Amino acid sequence: MLRAERQVGWNRVLTLSPQQAKGFFESNRRHIMAKSNELPKDDLYKLRHSAAHVMAEAVLELYPEAKVAIGPPIQEGFYYDFDLGRNADGTARTFAPDDLEWIEGRMRQIIGGRFPFQYREVSADEAKALFADQPYKIELIEGLERGSFDEYGNPLEEAPVISTYKHDTFEDLCRGPHVENTGKIPPDGFKLLSVAGAYWRGDENRPMLQRIYGTAWKNKKDLKAYLDRLEEAKKRDHRKVGKELDLYSSDSDDVGGGLILWHPNGALMRHLAEEFCKDEHLAHGYVLAYTPHIGRAKLWETSGHLGFYADNMYSPIEIEGQEFYLKPMNCPFHVNIFKSRLRSYRDLPVRMAEWGTVYRFERSGVLHGLARVRGFTQDDAHLFCRPDQMPAEIDRVLNFCLHILRSFGFTEFNAYLSTKPEKSVGPADQWQAAEHALEEALKRAEIPYEIDPGGGAFYGPKIDLKMLDALDREWQLSTIQFDFNLPERFDLHYIGEDGQQHRPYMIHRALLGSMERFFAVLIEHYGGNFPVWLQPQQVAVIPITDRNNDYAYQVQGKLEAAGLRVEVYDNSDRMQAKVRDAQLMKIPYMLVLGDREEEAGMVNLRLRTGERRGNMTLDDFLAMALDVVASKALI
RNA sequence: GCCACCCUAGCUCAGUCGGUAGAGCAGCGCAUUCGUAAUGCGCCGGUCGUCGGUUCAAAUCCGACGGGUGGCUCCA
């Protein structure tokens with residue numbers, strides 16, 4: 001279903017509609033789920049689906065003229081969409097703030113009625129008569145009738161049976177399954193969470209419906225566990241932690257939405273991360289490039305961006321009568337460098353990397369902290385290689401990617417292999433070779449992956465790696481994308497052994513994706529308790545009284561000389577308060593220094609985990625800390 | 001962008017029925033020198049997002065605008 005939607009999308013890509021070309025190198029775009037993760041039709045599924053029906057009944061009592069749309073179970077609950085009709089002034093009616101409470105109460109009454117869910121099959125005509133005053137249902141039935149869609153409007157292989165489920169006064173077009181009766185829904189195991197606008201069939205050109213989200217579990221305990229988990233996730237939210245640890249800010253009023261200010265703490269972390277990555281790139285056969293933030297319109301015409309990516313680009317800047325555009329991607333510049341001289345087959349592969357800052361238009365409603373922004377820096381690189389080098393190059397880049405991710409502690413992610421869409425550019429045999437190389441590389445790296453058939457970009461197949469944030473939302477970080485398009489458009493070539501011109505393969509890749517999004521995921525992954533090597537401040541030296549300050553400075557000097565980042569808490573606060581300050585800033589190591597330590601020439605180590613390691617010599621501490629830093633360990 | 005909700009001091013928040021602004025933290029000052037998550041006292045700090053309207057009177061009611069949060073994708 002998703003697949004089919006995407007194919008429709010990609011068909012439009014090939015007509016070069018800008019709207020539909022958004023998948024193009026979308027390392028900063030939150031990706032549509034490519035997983036075919038059909039929810040198992042287990043007890044929870046039935047429970048949630050049934051709760052949705054019960055909710056619809058309650059809503060129809062509150063708003064008898066409401067039209068019902070669809071109400072499926074989802075991963076942790078359910079929702080139902082309603083069209084509540086119009087207000088007197090013609091505006092769309094929406095739920096009132098206390099409606100949810102009333103609906104929830106009414107649902108409990110319905111549950112208490114233990115009404116059986118009754119299944120029946122009907123003909124299309126019967127169904128239409130039954131739902132005569134429900135236009136959305138009629139649309140669904142017509143889809144079913146045509147045999148190509150199910151009750152949610154998704155394409156189907158075969159014409160399905162049209163069925164309904166009825167409980168109490170509410171009968172819904174539905175395939176089921178459901179619990180036997182409403183009494184099976186635990187009255188204290190569900191909760192209505194929020195209302196939201198949602199377009200009918202997800203299409204913004206169609207009416208906006210009112211959606212109520214709810215969550216439902218087998219019992220009160222599971223519900224509470226879920227709600228607690230939501231609370232915990234909020235504490236890890238990178239926007240909250242980013243503020244608490246003074247890592248970054250954005251100021252939509254004065255600076256602009258989706259534009260990030262990296263504060264010194266965050267900037268230091270980013271510097272450390274980039275420094276490490278750049279060194280690794282240089283050690284792994286990459287060359288670096290720096291390219292400008294703007295380029296002439298001509299460049300973006302040649303690259304095709306003005307043709308199919310214009311919707312994500314900002315308005316042109318006019319300079320002496322010529323139009324320049326802020327770059328949404330780095331590739332045309334790198335291609336230009338590749339073209340700047342004649343390349344021999346001996347020069348390949350060329351691996352050109354740049355921490356390139358790009359700007360893309362994102363609709364205001366989708367901006368999200370660091371994870372979805374309008375200006376961001378990709379750890380971008382373009383690989384130019386000979387066809388015979390391609391499989392090894394893919395292997396190499398995938399392994400390098402895993403190495404980088406693991407260096408930051410990421411070992412779990414969802415991998416996707418997206419293959420040739422119906423329409424595409426580039427020769428079929430090259431596609432096949434590229435897909436084969438990508439898949440073999442995944443297999444050799446022993447990464448579990450899912451194939452998204454036809455999910456590739458029109459210009460080439462790709463591997464995407466996606467991480468989860470605190471709320472288990474997927475964010476794409478790494479991407480490795482073939483490009484059969486740009487070498488053609490820019491007429492790239494190298495001189496082969498035979499003295500003839502040959503077209504190189506080109507691969508886009510970003511490993512962390514963008515520094516901004518990577519930090520969003522990094523912050524949530526660690527909840528702010530970063531590995532010591534990345535920690536802006538690694539050691540808090542806490543003298544117990546002013547008498548111990550000089551000793552504290554000595555300790556600081558020695559640790560700093562060894563390369564650790566150390567601060568002495570030499571204010572007049574009590575030691576407890578200093579510990580608390582360091583604790584709140586999630587400083588990994590606290591060295592408490594009182595008269596006892598000073599006399600013995602020791603340090604007393606407390607970890608941010610709360611663990612107290614007691615007295616040790618400064619040398620022992622230093623050796624331990626340096627080892628943790630070098631190994632990129634957590635603490 | 002669209003729907004809902006929200007916007008009060010640097011931060012987190014309170015503010016009843018419309019009667020003219022509060023707390024904690026942070027900051028600053030003074031005192032305190034303390035053994036593993038908050039020492040005490042004092043001071044400073046607000047055009048209640050902006051603009052307009054209703055009213056004798058607006059943080060509070062209404063409207064527009066700006067900004068934020070969640071949702072609009074999790075469907076099988």
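Reply: What follows goes through the core, the sheet and the aromatic rings. This is a predicted model, in which local features need pLDDT of at least 70 and side-chain atom pairs count only at pLDDT 80 or more, while totals for chains, interfaces and linings use all residues. Residues are numbered from 1 along each chain as its sequence is written, chains are lettered from A and ligands numbered from 1 in the order in which they are written, and side-chain values use heavy atoms, with hydrogens and water left out.

Me: ok, how many residues are in the largest nonpolar core?

Reply: There are 67, and Phe-408 and Leu-522 have the most contacts inside that core. A nonpolar core here is a set of buried Ala, Val, Leu, Ile, Met, Phe, Trp, Tyr and Cys residues joined through side-chain atoms within 4.5 Å, where buried means under 20% relative accessible area, exposed over 50% and partly exposed in between, with a 1.4 Å probe and protein chains only.

Me: and which helix gives the most to this core?

Reply: Helix α12, residues 390-407, does, with 9 residues; helices (H or I, at least four residues) and strands (E, at least two) are DSSP runs numbered from the N terminus.

Me: switching to the sheet, what order do the strands come in?

Reply: The open sheet has 8 strands in the order β11-β15-β16-β23-β20-β19-β17-β18, with mixed pairing, and two strands pair if DSSP finds at least two bridges between them.

Me: which ones stand at the edges?

Reply: Those are β11 (287-288) and β18 (449-452), and each has a single partner strand, so one side of each is left without a neighbour in the sheet. Strand β17 (residues 414-418) runs parallel to β18 and is joined to β18 by 4 bridges, including the one that partners Ser-418 with Asp-452.

Me: now the rings, how many aromatic pairs are there?

Reply: The structure holds 25; rings of Phe, Tyr and Trp (its six-membered ring) pair if their centres lie within 6.5 Å, and planes under 30 degrees apart count as stacked, over 60 as edge-to-face and the rest as tilted. Tyr-314 and Phe-361 have ring centres 6.3 Å apart and planes at 85°, so this pair is edge-to-face.

Me: are those two buried or partly exposed?

Reply: Tyr-314 counts as partly exposed at 25% relative accessibility, and Phe-361 is partly exposed too, at 32%. Phe-408 and Phe-518 also form an edge-to-face pair, with centres 4.9 Å apart and planes at 75°, and both of these residues are buried.
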